[in-house]
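Welcome! Here is a short tour for someone meeting this structure for the first time.

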Amino acid sequence: MKTNQNLQPVTKEERIDFLDIIRGIAIFFIFAANIIYFSGFFFFPEDGHIPFTDLAIDPYIDFISFTLIDGKFYSIFSLLFGIGCAIQFNKLNKYSKPFAPFFRRRMFWLLIIGLIHLCLFWLGDILTLYALLGFVLIWFVNMSNKKLITWAIILILIPLVNWFIIHVANFNYPMHLYQINTKYAENMGFKMVEWQGVMRFDMQAYLLNEDIIEFFKMNLGNAFIRIGNILREGRIFKVLGIFLLGVWAGRKIINEDLLNNTKFLKKVALWGVCIGLPISIFRTYIEFFSGPELIWNFLNTLSYAFGTVPLAMGYAALLALIYRKGYKLLYWFAPVGKTALSNYIFQTFIAITIFYGIGFGYTGKFGITFIMGITLTIFIFQIVMSTWWLKHFKFGPLEWIWRQLTYKKRIRLKK
């Protein structure tokens, strides 16, 4: 108990403004990626759209948004997670406090929040995976920078091996999770549909469902879909690899003033965009126009591995360079970044209220451009609310709860 008595949350003076800004930007674009699924855009035909919500530019917006957004901003969020870990590790070492017990406790409570979010509300939850990998990250925090980079590269490329295991060695282990979901849905009497010759849980029925108890029951089963998708994509390895890049970057920020190293940032921005953007465009072409042949599936996995992370790193470096120019617009994102956990969860509740059958029931009713307009409107609302909240309170509501559980003491919320 004594070792925890003097532990305190990061103070206002210790925060790095840029990290709050880029975290807020990441939260916006993660929502822009998630709302495609929340809205039912993938699960309903266009002929069910409300008139005037389909625009001539929809196909272009769809192509551009998938190219520039999909996977890139959860990668930046993963990078920030690693940076945060390095900052916390450095702070605890500075005060001769043990890091592992503190971080395990922090990850345990994040896991609880994530599991509630995943199992009851949203099958696209990322908090559960982050928390579980956070426990693993403890094993890497004492590694040298060279080993961190080596392991990061290996982990980011392991999904290619994972693809061969599933498709070439024909060991489709994620399928067991999908089968559990199917059996659960059948036992619960949920509506099923045939997909590629296999009976699957009907996502349309899930989105249209108006019974909140049924909604919770369906989400419990949907958690198996999420786990199966994570395993199929090899996302465990990708995220952990980016965590390690974040730990490396965090050390560089603390010890070598990385955010002011314009020469290095320009190189990362240039190479990240020049490598990542063309490959990401190719991946979008595969997603939108390729056939079902296995070679296209492999090229999709390959282009994700070599396109998404470089482009995400290029974005991060480019934003750091823009931040150094002092553009005031960027600071609008900081309040959302400071309350990122709360805003991430609130996005789920707002989207469910708008689109799902238990809410206003607008699932499958809008074109992609209209959906992106909704995204922007909601995020502007979050900027306004987060700014107002932080004028009166020190932390976001969920951040406050998480901090109290982590530090095992009462923390004053009001300023």
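How many aromatic pairs does a search of the whole structure find? The search finds 45, where rings of Phe, Tyr and Trp (its six-membered ring) pair if their centres lie within 6.5 Å. This is a predicted model, in which local features need pLDDT of at least 70 and side-chain atom pairs count only at pLDDT 80 or more, while totals for chains, interfaces and linings use all residues. Residues are numbered from 1 along each chain as its sequence is written, and side-chain values use heavy atoms, leaving out hydrogens and water.

**Confidence**
- The chain has an average pLDDT of 94, and 96% of the residues score at least 70; pLDDT is the predictor's confidence in each residue, from 0 to 100.
- Residues 1-5 have a pLDDT below 50, and this stretch has 7 contacts in the model beyond near neighbours in sequence (contact means heavy atoms within 4.5 Å).
- Where pLDDT is low, the predicted coordinates should not be read in detail.

**Aromatic rings**
- Phe73 and Tyr315 are stacked, because their ring centres are 5.3 Å apart and their planes are at 25 degrees (planes under 30 degrees apart count as stacked, over 60 as edge-to-face and the rest as tilted).
- This pair links distant parts of the chain, with Phe73 in helix H3 and Tyr315 in helix H12, 242 residues apart (helices are DSSP runs of H or I, at least four residues, numbered from the N terminus).
- Both Phe73 and Tyr315 are buried (buried means under 20% relative accessible area, exposed over 50%, partly exposed in between, with a 1.4 Å probe and protein chains only).
- Tyr323 and Tyr331 make a tilted pair, 6.0 Å centre to centre with 45 degrees between the planes.
- Tyr323 is partly exposed at 22% relative accessible area, and Tyr331 is partly exposed at 33%.
- One aromatic cluster includes Phe38, Trp122, Tyr184 and Tyr356.

**The second largest pocket**
- About 820 Å³ of space lies in this pocket (a pocket is an open set of points on a 1 Å grid where a 1.4 Å probe fits, with protein on both sides within 12 Å along at least five of seven lines; lining residues have an atom within 4 Å of a point).
- Of its 32 lining residues, Leu245, Val268, Val309, Pro310 and Met313 are the closest to the centre.
- Helix H12 gives the most to the lining, with 9 residues.

**A buried glutamine**
- Gln347 lies in helix H14, residues 340-355, and is buried with a relative accessible area of 1%.
- Leaving aside residues up to four places away in sequence, Gln347 touches Ile27, Phe31, Phe379 and Gln382.

Definitions and conventions
Points joined across faces, edges and corners; volume = space filled by probe spheres on them. Helix = DSSP H or I, 4+ residues; strand = E, 2+ residues; numbered from the N terminus.
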